[in-house]
Amino acid sequence: MEALITLVIGVLTACGVYLLLRARTFPVVLGLTFLSYAVNLFLFAMGRLHINQPPVIAAQATGYADPVPQALVLTAIVIGFAMTAFVIVLALKARAELGNDHVDGREVR
Amino acid sequence: MSHLVIAPVLLPLLTSILLLLLRQPSRSRRRALSVVAVVAQLGLALALMAAVSDGRILVYALGHWPAPFGIVLVADRLAAWMLVITALLALFALLYAIRGDDIAGRHFHVLFQFQLVGLNGAFLTGDLFNLFVCFEILLLASYGLLLHGGGRQRTRAGLHFVVVNLVGSTLFLFAVGTLYGALGTLNMADLALKVAAVPPETAPLTRAAGLLLFGVFALKAALLPFYLWLPAAYAHTSAAVAALFAIMTKVGAYGILRVYPLIFGASAGSAADLIEPWLLPLALATIAVGMLGAIASTHLRQQAAYLVVASAGSLLTAFGLNSVAGIAAGLYYLPHATFATAALFLLADAIARQRGESGDRLDPGPAIASPRLLGGLFFITAVAVAGLPPLAGFLGKLLMLRAALDHPLLPWIMGVVLAGSLLGLIALARTGSLLFYRTLPDTDVPEASPARAGDMVPLIGLLLLGLGLTLGAGPAFDQARAIANQILQPSSYIQAVLNPRGTP
């Protein structure tokens with residue numbers, strides 16, 4: 001499971017970076033989304049991967065799943081969601097005002 | 001537990017919510033509410049400064065959860081110093097904005113107050129993840145303020161600013177996640193203890209996370225490889241917003257000053273003095289690039305933005321000396337640099353309004369309607385920004401160079417700081433002569449009204465603050481030295497946060 005989640009985070013990050021370096025706003029927004037997915041998974045995995053463990057320590061529990069990264073991820077998801085919404089609106093505004101969707105606002109010849 | 005610590009965060013938050021909820025408030029009422037809130041915030045910041053002036057560190061545990069399990073707000077001398085600077089700057093930026101910049105959109109004052117929530121929260125928090133949240137609050141508000149009023153140039157610069165900062169936020173999360181995964185805590189005081197006792201197998205991971213975090217702060221502080229977002233963004237937003245943004249690069253510098261001496265300081269074991277080999281060379285290179293940019297600028301506001309980059313470089317040079325004298329010099333220079341560059345942005349706007357089509361472009365244009373007033377103000381502002389005697393910029397740089405006297409990189413520091421000041425002086429002198437002397441005789445701008453001294457009150461206020469910093473240099477530098485002493489002795493901070501009742 002560790003290898004799989006490492007691979008997933010790596011692939012998401014690589015896709016995010018690749019798309020972020022594109023010259024059009026839509027791929028850039030997608031790239032930012034991929035990066036935020038990657039970082040959310042990364043934060044989640046930082047509490048270590050556990051199966052069937054309680055989040056709160058009880059007398060008969062043999063271990064526990066760390067609840068802090070889950071709280072951090074929740075916050076990061078909310079913030080990332082707001083930022084994505086904002087950057088999409090901004091990209092649309094730039095498309096309308098600059099007449100094209102190039103990140104520098106000029107048409108490539 | 002004093003509730004004063006959280007008040008600088010709550011006040012702008014409640015004000016902005018009130019501004020949102022008020023149904024159709026008149027423009028004057030909205031402005032009055034906003035100004036009153038900022039004045040009250042200045043009062044709170046001064047009260048907090050008085051409360052920590054004896055070296056106490058006030059800790060506010062949210063929900064009464066003790067650190068490191070809960071989130072704490074920590075007010076020490078550094079936090080109070082930054083809060084006072086922010087409140088003063090915000091007051092004058094707001095006074096300039098209510099002269100007309102705030103009517104371009106409906107929510108200027110809401111965003112302005114939210115920006116202050118984020119700034120004050122970032123200065124007060126004692127938790128790394130909470131620092132991220134505060135950064136996001138201030139960035140989201142700054143995106144709104146930057147784009148306020150719209151326009152092609154502003155949208156394009158805003159797009160770059162937003163995307164770059166979103167990537168920065170993602171990196172911040174990666175760094176925070178790695179630190180949590182390696183050390184199991186995000187409370188800064190607890191992190192300091194954990195980093196000092198890190199086992200060898202996780203030490204490289206900790207160092208990598210620390211350097212990644214440095215990259216994020218360098219992005220916010222506009223340090224050399226990451227400064228490219230700044231000039232376009234600052235040059236194209238409205239003047240009051242650009243003036244407020246003068247504090248934004250200082251937030252990055254604050255982050256460096258808060259995190260590195262505390263967590264990765266001299267007693268951090270294998271990660272001791274983590275960024276020391278990087279900070280000083282990068283800061284010096286930033287000064288050079290900023291001043292060259294100021295020389296090459298084609299517009300006054302672009303020049304002001306490059307001078308912001310250079311001032312961030314000077315500030316981080318002082319912090320990079322990593323000594324009490326160096327950090328104290330930087331902390332004395334910080335308010336001066338903030339107020340002086342903010343004044344330059346306001347003045348650039350006032351000048352551009354009088355030059356019609358030419359705007360703030362640096363080439364011969366129509367004569368300015370009130371050359372004495374604006375020229376005189378430009379002269380004083382330029383003296384302040386370039387760091388010439390007798391104003392505080394000169395004292396700050398002098399203290400900085402004196403602190404560097406026994407540093408191994410002394411020739412480089414001397415050379416770059418002095419040559420940079422000279423370049424800044426040349427750039428500003430050229431700008432002044434272009435704007436005020438080389439006017440085209442047969443063009444006039446009919447619609448330009450002469451600037452009234454009353455309109456210049458916020459600008460003059462900022463310059464007077466700089467003058468106050470010069471006249472009160474003794475007490476101000478004593479305060480800065482006390483802050484630096486407190487920063488470089490992190491044990492009292494750790495003790496106050498983790499063991500608030502003083503029991504062993």
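How many of the 9 residues of helix H7 (residues 188-196) of chain B are buried? In this predicted model, 7 of the 9 residues of that helix are buried, and the helix is mostly covered; a residue counts as buried if 20 or more other C-beta atoms lie within 10 Å of its own, as exposed if 12 or fewer do, and as partly exposed in between, with C-beta atoms placed from the backbone. Helices (H or I, at least four residues) and strands (E, at least two) are DSSP runs, numbered from the N terminus.

Residues are numbered from 1 along each chain as its sequence is written, and chains are lettered from A and ligands numbered from 1 in the order in which they are written. Because the model is predicted, local features need pLDDT of at least 70 and side-chain atom pairs count only at pLDDT 80 or more, while totals for chains, interfaces and linings use all residues.

**Helix H7 of chain B**
- The buried residues of H7(B) are B:Met188, B:Ala189, B:Asp190, B:Leu191, B:Ala192, B:Lys194 and B:Val195.
- Among the elements that cover these buried residues are helix H5 (128-146), helix H6 (152-183), H8, H11 and helix H20 (490-498) of chain B.

**The two domains of chain B**
- Chain B is divided into domain 1 (1-272) and domain 2 (275-444 + 454-490), with bounds that come from an automatic or database domain assignment.
- The C-alpha centres of domain 1 of chain B and domain 2 of chain B lie 22 Å apart, and their contact takes 39 residues from domain 1 and 42 residues from domain 2, two residues being in contact if their C-beta atoms, placed from the backbone, lie within 7 Å.
- On the side of domain 1 of chain B that touches domain 2 of chain B, the largest share, 10 residues, comes from H3(B).
- That side of domain 1 divides into 32 nonpolar, 3 polar and 4 charged residues, where Ala, Val, Leu, Ile, Met, Phe, Trp, Tyr, Cys and Pro count as nonpolar, Asp, Glu, Lys and Arg as charged, and the others, Gly among them, as polar.

**The largest nonpolar core**
- The largest nonpolar core has 229 residues, and those with the most contacts inside it are B:Leu89, B:Ala93, B:Leu223 and B:Ala243; such a core is a set of buried Ala, Val, Leu, Ile, Met, Phe, Trp, Tyr and Cys residues joined through C-beta atoms within 7 Å.
- Helix H14 (residues 324-354) of chain B gives the most to this core, with 19 residues, and the core lies between domain 1 and domain 2 of chain B because both give residues to it.
- Leaving aside neighbours within four places in sequence, B:Ala93 is in contact with B:Ala240, B:Ala243, B:Leu244 and B:Ala342.

- Chain A has 3 helices and 0 strands, and 30% of its 109 residues count as buried.
- The C-alpha atoms of chain A fill a box of roughly 65 × 25 × 15 Å, taken along the principal axes.
- The contact between the chains takes 25 residues from chain A and 20 residues from chain B, and the largest share of the chain A side, 14 residues, comes from H3(A).
- By class, the side of chain A that touches chain B has 20 nonpolar, 3 polar and 2 charged residues.

**B:Asp273**
- B:Asp273 is placed in the loop between H11 and helix H12 (276-296) of chain B, and is partly exposed, with 15 other C-beta atoms within 10 Å.
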